[in-house]
Amino acid sequence: MEHAHANSVDVLVIGGGNAALCAALVAREAGASVLLLEAAPREWRGGNSSHTRNLRCMHDAPQDVLTERYPEEEFWQDLLKVTGGMTNEKLARLAIRESSRCRDWMRKHGVNFQPSLSGTLHLSRTNAFFMGGGKALVNAYYRSAEALGVRIRYESPVDRIELEDGAFRAAWVGNERIAARACVLAAGGFESNREWLREAWGQNENGEWPADNFAIRGTRFNRGVLLKAMIEAGADSIGDPSQSHCVAIDARAPEYDGGICTRIDCVSLGIVVNKHAERFYDEGEDFWPKRYAIWGRLVAQQPGQIGFSIIDAKANGRFMPPVFPGAQANTLEELARQLGIDEAAFVRTVREYNAACRVGTFDHTIQDDCHTEGLSPAKTHWALPIDTPPFRGYALKPGITFTYLGLKVNEQAAVHFSGQPSPNLFVAGEMMAGNVLGKGYTAGVGMTIGTTFGRIAGAHAAAAARQGATHAHA
Amino acid sequence: MHTLDTLTREAADLAAGRVLPALDADEAEVGRILQICNACRYCEGFCAVFPAMTRRLSFDKADVHYLANLCHNCGACLHACQYAPPHEFAVNVPQAMAKVRAHTYSDFAWPAGFGRLYRNNGVTVALAVAGALALFLVLALALKGTLFHTPLAGNFYAIFPHNLLVSMFAPVFLFAALALGIGVTRFWRQAAPGRASSAAIAETTHDVLRLTYLDGGHGKGCNNADDAFTLARRRFHHLTFYGFMLCFAATSVATLYHYVFGWEAPYAFTSLPVLLGTVGGIGLLIGPAGLFWLNLKRHPEHGDAAQKPMDRGFIALLFFTSLTGLALLAARDTGAMGLLLAIHLGVVMGLFLTMPYGKFAHGFYRSAALLKWAIEKRRPNPIGVGGDA
């Protein structure tokens with residue numbers, strides 16, 4: 001019965017996160033019968049969407065939880081800046097405009113918005129926060145999908161897609177063949193595929209495989225199986241296959257699903273040293289929210305892929321509290337011992353830094369005038385000597401948020417084969433985000449892309465299924 | 001600075017010989033979880049617990065007890081939590097908070113030894129009710145020689161003289177009020193909230209009377225069986241609470257009638273005490289019945305399973321108080337009045353006896369925690385975290 005049902009499905013959605021759910025909901029609203037296949041068991045459903053917290057939204061005037069205005073052009077310029085031009089303007093503007101009008105639809109399906117959280121005031125103008133975060137959003141969408149009659153199957157990872165001249169025919173879950181008139185792929189990136197990450201990052205000059213020391217900040221189910229299968233089947237790809245969004249997180253973070261709370265936010269308040277107790281980058285280059293994403297890569301380039309963020313008592317209470325308590329000591333020597341780094345070298349680094357500090361008027365809310373002189377690398381802002389015990393240290397390692405490699409799409413979110421759009425195969429979310437976000441990141445833009453292209457893919461898949469049905473009956 | 005606050009408080013405690021003991025296992029679990037929550041903060045919009053948490057960097061015993069009682073066990077943060085089981089962080093805020101609340105009630109109980117009555121509250125309630133029932137049935141037999149009698153036109157005092165009832169219920173009620181008062185005062189002192197402005201008191205009153213924090217922060221209500229929101233718990237709780245208050249008002253009005261105006265019971269069906277009692281009684285039937293039904297369907301990870309007997313015992317007591325009261329009202333002109341009266345008084349006595357050592361306490365401790373929050377939120381946040389540039 002299950003199979004007979006599955007075989008008569010209009011739209012098959014592969015994936016179970018935000019983009020997949022948006023696609024399933026829109027397709028169902030358009031009258032299509034929809035089956036959604038989530039690789040994870042129910043308790044781990046939702047992929048990386050469960051770790052998100054907001055949606056970047058264009059708006060021309062203050063709107064419920066959003067302050068002031070964030071017009072299309074400013075959003076576009078922000079995107080252009082973070083991607084360094086690795087974006088498609090037409091698709092990007094489509095997502096930006098869609099972000100200004102999708103929230104009523106999201107509310108209709110149970111998503112609740114709230115103003116920015118404490119510690120995120122810098123996002124109160126641009127980002128609408130989900131009350132309870134992304135998992136609450138995912139739960140709401142699943143409830144709405146079930147209520148609308150979308151059939152949902154968990155623990156159903158799709159290995160491959162059966163194609164015929166660029167058209168979707170069926171998906172294979174193990175030995176089970178699931179046919180549908182149209183299909184939306186929204187199964188995420190490949191960041192939790194260890195072998196693939198290893199290959200993408202390669203081996204460094206010390207003979208290390210840096211990716212072996214990475215934590216994956218999100219789901220363990222984004223193994224990129226379908227992405228790889230599609231590329232091998234001839235689908236056009238986009239985005240740098242070796243790149244991923246990589247931030248510095250607490251080295252004690254779990255291997256998967258550490259999410260937001262494993263971040264370490266005190267880098268700009270102190271110094272960061274590597275395992276040889278050497279500084280390696282300007283910790284005060286810019287405000288932390290604008291810099292955290294480069295520190296993953298910086299730490300990944302250090303021996304052992306480890307760094308240590310060092311602060312003194314003056315920093316206490318000035319940054320988001322970390323999830324794990326740091327090493328704490330009343331002397332620098334003791335702190336070095338606890339962190340397992342060379343005491344003499346560490347004390348020398350701190351002394352040199354302290355001596356180079358030119359302290360003006362410390363102000364963490366502006367790019368202040370506290371800086372170092374004659375030190376390499378310099379610390380250009382917020383440079384206060386590390387001289388007030390207790391001293392604290394947090395070990396850092398790279399944490400991968402998502403990968404950029406995806407499938408190339410047009411404005412209908414269609415998968416392309418040699419430049420030709422598929423009539424009934426669409427893709428959304430992280431599997432195609434690279435079209436808009438070729439590199440870099442800005443808060444909430446992943447959800448903007450996922451929601452926009454999820455909805456577009458769902459609508460076009462429903463239309464393609466209708467058309468397919470008409471042809472079949474003609 | 002929070003650290004300064006803590007230091008000041010610790011110094012004051014030391015001087016007063018009130019050093020806070022180390023956290024026990026349940027309290028330490030709350031501390032562990034809040035450390036994770038404080039680094040995440042996605043749940044800030046649901047209730048007061050999380051905004052209160054962001055005013056702290058570490059959680060001592062007083063903080064843990066305060067936050068545990070501020071938690072309404074709505075379940076929203078559990079279903080929304082990216083770190084909830086099976087995640088290895090195993091974050092379950094409502095459960096950890098519920099476990100600590102049981103400690104609050106017993107740790108602050110007066111007299112101290114009676115605190116353990118909370119632990120086996122189901123048994124406590126059962127024994128108290130059974131004992132009180134037996135007492136009134138035997139008393140009725142002793143006074144009248146029979147449980148059935150010729151109709152007495154609703155004259156309760158023909159069975160149990162007024163002064164006898166007053167001499168039995170007044171001390172028990174006053175003791176309950178005193179015991180709860182002392183317990184909550186101890187809790188309040190440990191929480192050290194400072195002075196309450198009239199605005200803070202007004203806000204607390206509003207939040208208590210409206211059950212603001214069962215609205216989920218978005219007005220759709222709290223969670224019960226699953227991740228869907230429902231206003232059922234809030235509504236059934238309102239029926240229970242206001243039903244109880246109307247019954248209490250009925251008794252108070254009747255007391256005034258008796259002592260001030262010299263009007264003795266029975267009162268007519270259209271009299272104020274009977275009308276209040278009838279309306280309240282109906283609320284106190286539907287409310288607890290609904291809460292019991294919700295309690296049966298409650299998601300197993302919400303709250304502390306060990307406290308279900310306490311919750312259900314209290315709900316049942318309220319339900320039977322109302323049921324027996326309404327039955328008594330309906331049959332007060334029949335020969336079964338004496339028996340029904342004895343049963344009703346037995347149940348009410350059971351309720352009064354267990355009041356200071358059962359679920360009833362939650363209203364007082366939670367109101368105190370809400371008042372502390374209303375005071376605290378009016379002060380500048382002592383923690384100025386960065387990242388807001």
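Reply: Domain 1 covers 2-109 and domain 2 covers 118-366 of chain B, with bounds that come from an automatic or database domain assignment. Bear in mind that this is a predicted model, where local features need pLDDT of at least 70, side-chain atom pairs count only at pLDDT 80 or more, and totals for chains, interfaces and linings use all residues. Residues are numbered from 1 along each chain as its sequence is written, while chains are lettered from A and ligands numbered from 1 in the order in which they are written.

Now the meeting place itself. In chain B, 27 residues of domain 1 are in contact with 25 residues of domain 2 (contact: C-beta atoms, placed from the backbone, within 7 Å). On the domain 1 side, the elements of chain B giving two or more residues are helix 4 (61-70), helix 5 (76-80) and helix 6 (93-107); helices here are DSSP runs of H or I, at least four residues, numbered from the N terminus. Helix 6 of chain B gives the largest share of that side, eight residues. By type, the domain 1 side of chain B splits into 14 nonpolar, 11 polar and two charged residues (nonpolar: Ala, Val, Leu, Ile, Met, Phe, Trp, Tyr, Cys and Pro; charged: Asp, Glu, Lys and Arg; polar: the others, Gly among them).

Stepping back, the C-alpha trace of chain B spans about 80 × 50 × 35 Å along its principal axes. Residues 24 or more positions apart make up 75% of the chain B contacts with a separation of 6 or more.

Methods
Two residues are in contact if their C-beta atoms, placed from the backbone, lie within 7 Å.
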